[in-house]
Amino acid sequence: MNERRSGSLPIPAIDPSTVSRGWAFAPLLLVLLALLVRIVFFVGYQGRDDRNYLAYAHYLATGGDLSSLDLHTQWLGRIGFWMPIAATMNVFGQTGLGYVAYPLLYSLAGVLLTLALGAATVGRRAALLAAALLAVLPLDVLYATRAYPDLPLGVAMVAAFWLALRSRATPRSVWPALGAGLMMGLAYLLKESAIFAFLPIAIALRFWRTEYWRALILIGVGFVIVFALESAFWAAVKSDPMYRVQSASAVSDDLGRADQRPRASAAVETGWIPG
């Protein structure tokens, strides 16, 4: 075994093959660690905003007709979050796992994404440390098993950022940049605040330099594709391609009017309260 000396004490050199073997098993071990911690600290249904998302999901999972659901809320427009929950309810039933399997998957994917992003930017050792910290980070652990879109939103935005960085490394390929745009579209379907991620992405791609304009345009194309599909969905369901915007605007108008009664929650309108 090779050795190097520091003063009078020999220090064993690190075997690169050992590091490579450890890196190969790191994703699996970290995901298992993250899953174990999230099972131990499982949260589940909270009875706040999550009741709206779960009520929409239950309504859809049980054959409800969205065109007849007379609701104007910002929660209804976030179809990228509650519609997949309808699918997990069909698989796991009206259970704690059925309610939170979707955000839990995002949380575990976030650990893997941290490994990939870290390895590409700051090196494997720092990536391992960052992913291990995320696996046990209390905020991430608690929101992994709550039916809120915030954690999936963060993971989707970071995935878009990672793909945008990859587009710099592979400028001839259209797929990383287009994928970044599609991920931004998914993030937008999860929550409207996703649009703020365009700023750091534009800065990372050095928007002031013409050689990166192609990637920025492709990112925009990917986002527009998702936005167009969402508009087509609402046009088919509600005969209004801008239904999501109109619903959010209606909520804002209601908050500013003292004579307006609060709109009924999804749980009241759909006749189902999670339990």
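Helices (H or I, at least four residues) and strands (E, at least two) are DSSP runs, numbered from the N terminus. Trp213 is found in one of these runs, helix α10. This is a predicted model: local features need pLDDT of at least 70, side-chain atom pairs count only at pLDDT 80 or more, and totals for chains, interfaces and linings use all residues. Residues are numbered from 1 along each chain as its sequence is written, and side-chain values use heavy atoms, with hydrogens and water left out.

**Overall build**

- The protein has 12 helices and 2 strands.
- From the N terminus on, the order of elements is β-β-α-α-α-α-α-α-α-α-α-α-α-α.
- Of the 275 residues, 41% are buried. Buried means under 20% relative accessible area, exposed means over 50%, and partly exposed lies in between (1.4 Å probe, protein chains only).
- Contact means heavy atoms within 4.5 Å. Among contacts with a separation of 6 or more, 71% join residues 24 or more positions apart.

**Surface**

- The protein exposes about 14,700 Å², and carbon and sulfur atoms supply 66% of that area. Accessible areas come from the Shrake-Rupley method with a 1.4 Å probe; for residues, only the protein chains shown count as cover.
- A nonpolar patch on the surface is formed by Leu182, Trp213, Ile217, Val221, Ile225 and Leu229, with about 570 Å² of accessible area together.
- Patches are made of residues with over 30% relative accessible area and no salt bridge; like charges are joined within 9 Å, and nonpolar side chains (Val, Leu, Ile, Met, Phe, Trp, Tyr) within 5 Å.
- Helix α10 (residues 213-238) gives the largest share of the nonpolar patch, 5 residues.
- Trp213 counts as partly exposed because its relative accessibility is 44%.

**Aromatic rings**

- Rings of Phe, Tyr and Trp (its six-membered ring) pair if their centres lie within 6.5 Å; planes under 30 degrees apart count as stacked, over 60 as edge-to-face and the rest as tilted.
- The count by this rule is 12 aromatic pairs.
- One of them is the tilted pair of Tyr56 and Trp82, at 5.5 Å centre to centre and 55° between the planes.
- This pair links distant parts of the chain, with Tyr56 in helix α2 (residues 49-61) and Trp82 in helix α3 (residues 79-92), 26 residues apart.
- Tyr56 is buried, at 0% relative accessibility. Trp82 is buried too, at 0%.
- Phe207 and Trp208 pair edge-to-face, at 5.2 Å centre to centre and 80° between the planes.
- Phe207 is partly exposed at 41%, and Trp208 is exposed at 54%.
- Ring pairs also link Tyr53, Phe81, Tyr102 and Tyr106 into a cluster.

**Salt bridges and a charge over a ring**

- Side chains of opposite charge can pair when their charged atoms come close.
- A salt bridge is a side-chain nitrogen of Lys or Arg within 4 Å of a carboxyl oxygen of Asp or Glu. The count is 6 salt bridges.
- Arg38 and Asp140 meet in one of them (2.7 Å, N to O).
- That pair links distant parts of the chain: Arg38 is in helix α1 (residues 16-40) and Asp140 in helix α6 (residues 138-143), 102 residues apart.
- Arg38 is buried at 0% relative accessibility, and Asp140 is buried at 12%.
- Glu230 and Arg244 form another salt bridge (2.9 Å, N to O).
- Glu230 lies in helix α10 and Arg244 in helix α11 (residues 243-255), so the pair ties together parts 14 residues apart in sequence.
- Salt bridges that share partners join Arg78, Glu192, Glu230 and Arg244 into one network.
- The charged end of Arg244 also sits over the ring of Tyr188, 4.2 Å from its centre. This requires NZ of Lys or CZ of Arg within 6 Å of the ring centre and within 35 degrees of the ring normal.
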